[in-house]
Amino acid sequence: MIEKLVIENFLQFESLAFDLDPELNILVGNNDAGKSTVIQALEMVLAGRIGGRSLEPELSPFWFTQSAVENYLSGIIAGNQVEPPTIVIEVYFRDDAALARLKGKNNSLARDVPGIRLEVSLDRAYSAEYAAYISEPTAVKSVPIEFYRVDRRDFAGESVVGTRALVTAVVIDASTLRLQSGTDYYLRKSISQNLTPEARAKLSLAFRSHREGLLSDPAFVAANAQLGSERTTLSKKSLALSTDSSARASWESGIIPHLDGIPFSQIGQGEQSAFKILLALEKSASDRNVVMIEEPENHLSHSNLNTLIGLIRERSVGQQLVLTTHSSFVLNKLGVEKLRLISNGTVGVLNGLEADTQSYFLRLSGYDTLRMVLARAVILVEGPSDELVVQKAYVQKYGCMPLEDGVDVMSVQALAFKRFLALGQALGCKIAVVTDLDDDASDAKARKRFEAFERDGVVRGFVGQAPNGRTLEPQLVAAAGRDLLNAVFKTDFDTDDLLQNYMTAEKTEAALAVFSYADTIPMPNYIDEAIAFVK
Amino acid sequence: MQTRFPCRTISTKQLRSSSKAFIASAGSGKTEDIVNRALAVPASEGVVLTTYTDNGAREIRARIVLKNGVIPSNIEVIPWLTFLIRHGVKPYQNPVLGPNLVSGLHFERRPGFPKKSTAPYYLDKSFRVYRDFLAEFALLLNEESGGAVVARIAQIYGHFFFDEIQDVSARDFEFLQLLLESPVTMTLSGDPRQGTYSTTASRTNRGLTKSNVIKWLAQMEKLDLLSLEERNHSWRCGQAICDFADALYPEFADTRSLNVSATGHDGVFLLRKDQIPQYVATYSPQLLVWDRRSEHHGLPRRNMGEVKGMTFPRVLIQPTGPIAKYLSDGSVLVEGARAKFYVAATRARHSVAIVLDDPGASAIRYWVPD
């Protein structure tokens, strides 16, 4: 199976070395971080295709990483001798005896393992033309892909084109169902992989003889006789109809799969993608099979998604799966520990997430773990009202919503803090915990919730002073004063106690009023400290 | 011989030595035997059959197809130089050269004398490997990669067959020795008397090439790397033809004919030039000549050097000057001419006729029409 993926100068990745999990890789990241690029790179190097189509016609100057293009162009303008950028994509397989043919050191790490290397580089055959092209530097505006070639070889140095694939790859893109017919290249391939070679050959033969039989059908003969007698072409050559007997007209493209009697293209999109995913994962497929799935959650209802994820877990055993997702549900269900976070052209992995935390998120899969994964820093609070107050504190201090700074304020039950802190620790994410004291005398009880996870500059808990009250409301009264809060709530309470009682009783209303108040409200110290910590 | 052992490990081979070498006379069914052995290997094991010439490889493929209908998926037939490029050089050219630089083979001689162990010593400007230094380069890369070249081959192929081992030259011997020391089961087969080709034009190890390949095989047997077997029989040629051909190589054991058929015109004859039309009309022999410039009497002809592996009922040989001299006074032939004449004579099942008007001291009788 794939142990490592190396990418150079391709789209978002100037230089990437990505160690893959042997079974499951869940790629998460913001839009445009490069999740799909990783899938694309794998498809290109494993299948020699991009989006199911051949590579050469799709070659584009935009494949090259921006920085590489800029270096190249500025070098040309400055009149320097600069090498035109080269894209390299390499997959390194586990050293399996069955893959010995693909073995060798023709890779950028000079490792002696089986693998495939794809290189998009200047074709040496066009050296002279290229030299003429760059002799006028001002005319060079982009990478001159006209002089480029795509070269795909195994690590033994043999061209992979036309050889029998030892490793197969299937891509299912549920985010966009590209082809109108619905039966794309990978669907046809998946179906034919599920047939024995014998059944495949017989089907192919039957399809061809059936087509040939059509030629002798009286209707066909009559039609041809009619066409032949009408001299319509300029050159007076005779015209006749025949069937296409090229490989392009094979049964795979001429036969359309039906699900429960309905043509594949007519069933719902969710069902289509689920069907493709499950077909690609069929047990009979080889164990040297890499299945790539883009956003399986698309077009599916929650309950169908639940079923699909269950089947993916069950059937992916022994195969390598790479999938992208924007859904915390998919992530939690398939296993948070398998996530691969893509950001800024790098891939991050979880380090040592404990098993009980994994199973916690697996069981309570509604938790928005992805928010924590994608945030630069997180403030964990105990409820929606605390969330609003902390946001207000942030806005009035820094002039923008915390999310705009990559800080996510997440409301989590106090009991779940430990789980999120464990996840955050594995992610290396900066976390501030803001929690109530729930005690009149000391902060010891509250500190228990985060103490074990505190690290300088990474994780810190923030609690109020015991004399100022056990929850946020009295702490807020102590900091902002009764008069100001009366103005905020448009109330007229005579004592702090009455004010607190009101705020506690109308928790969300009160918090919303605080959040919406146009002027500054002095905040309890520990909240200001917490937002300063994550800023 | 100066043999290097770049990364010799203790090999299980030295305990069991399942590798074999067959030295066989012309017409003994060498290629047939190799093909049968290759087809007998279980389909789960990788097999490679190699030989120096493209023609030889084609012949092996054709025989497999003839017997099996198709070349089984576990069997590959690759000419030797292609094998060396594909498996000896390409996989481990990096980091010595860089990934995927080697582009093919440079068949002609290398000009000049570049410094040893530098790129120009092995490669031309388009990164094609010089034929004469191909095996040497593969040995270097094997050494640089800690033996990975040979280890990889052993991982892919459980069985390795080399037909026409007498064509091997230069550093090929050392590369083959590394394979013999690896877990690969090797089968080497050839006829030292048919050394009409050479894998290189190099002088290295010249004392082991062509008819002297027997010395190298004996060395390998002494090292317990293979067991050597001689097959001194011919299914093809009649006894008189065997005796005539054997006389060219007195240093080798005599060949016993297993062809017992009699046609009324059997054995070796001299033929006067003016009787050629009558002889051809009677027996329709295949004319064999030295090369395209040779006298051909207006008959369809083939070159002696290019008929290895073929069988004809009767042959007619147009001798060169040195061959005529050998026939008339027993003068020793140079190595290449001796091998080609041996090949030419041993193509015939029944009769060999040689065009010669001046017999000198030759004891061979002239053909007399009935």
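Predicted model: local features only at pLDDT ≥ 70, side-chain atom pairs only at ≥ 80, totals over all residues.
At what angle do helix α4 (residues 80-89) of chain B and helix α8 (residues 172-181) of chain B pack?

Residues are numbered from 1 along each chain as its sequence is written, chains are lettered from A and ligands numbered from 1 in the order in which they are written, and side-chain values use heavy atoms, with hydrogens and water left out.

**View 1. Helices α4 and α8 of chain B pack at an angle of about 60°.** Their axes lie 13 Å apart. That makes α4(B) oblique to α8(B). Angles under 35 degrees count as roughly parallel, over 145 as roughly antiparallel, 65 to 115 as roughly perpendicular and the rest as oblique. Axes are lines fitted to C-alpha atoms, for helices over the stretch in contact, and angles run from 0 to 180 degrees between N-to-C directions. Helices (H or I, at least four residues) and strands (E, at least two) are DSSP runs, numbered from the N terminus.

View 2. Contact means heavy atoms within 4.5 Å.

**View 3. Helix α6 (residues 134-144) of chain B is largely enclosed by the rest of the structure.** Of its 11 residues, 9 are buried. Buried means under 20% relative accessible area, exposed over 50%, partly exposed in between (1.4 Å probe, protein chains only). Among the buried residues are Leu134(B), Glu136(B), Phe137(B) and Asn142(B). The buried residues pack against α4, β4 (104-106), α5 (119-122), β5 (128-130), α7 (148-156) and α8 of chain B. Gly146(B) follows α6(B), and its phi is positive, near 70°.

**View 4. Val389(A) is found in helix α13 (residues 384-398) of chain A.** Val389(A) is buried, with a relative accessible area of 3%. Not counting residues up to four places away in sequence, Val389(A) touches Leu472(A), Ala511(A), Val514(A), Met523(A) and Ile527(A). Leu512(A) is 123 residues from Val389(A) in sequence, yet 8.0 Å away in space, C-alpha to C-alpha.
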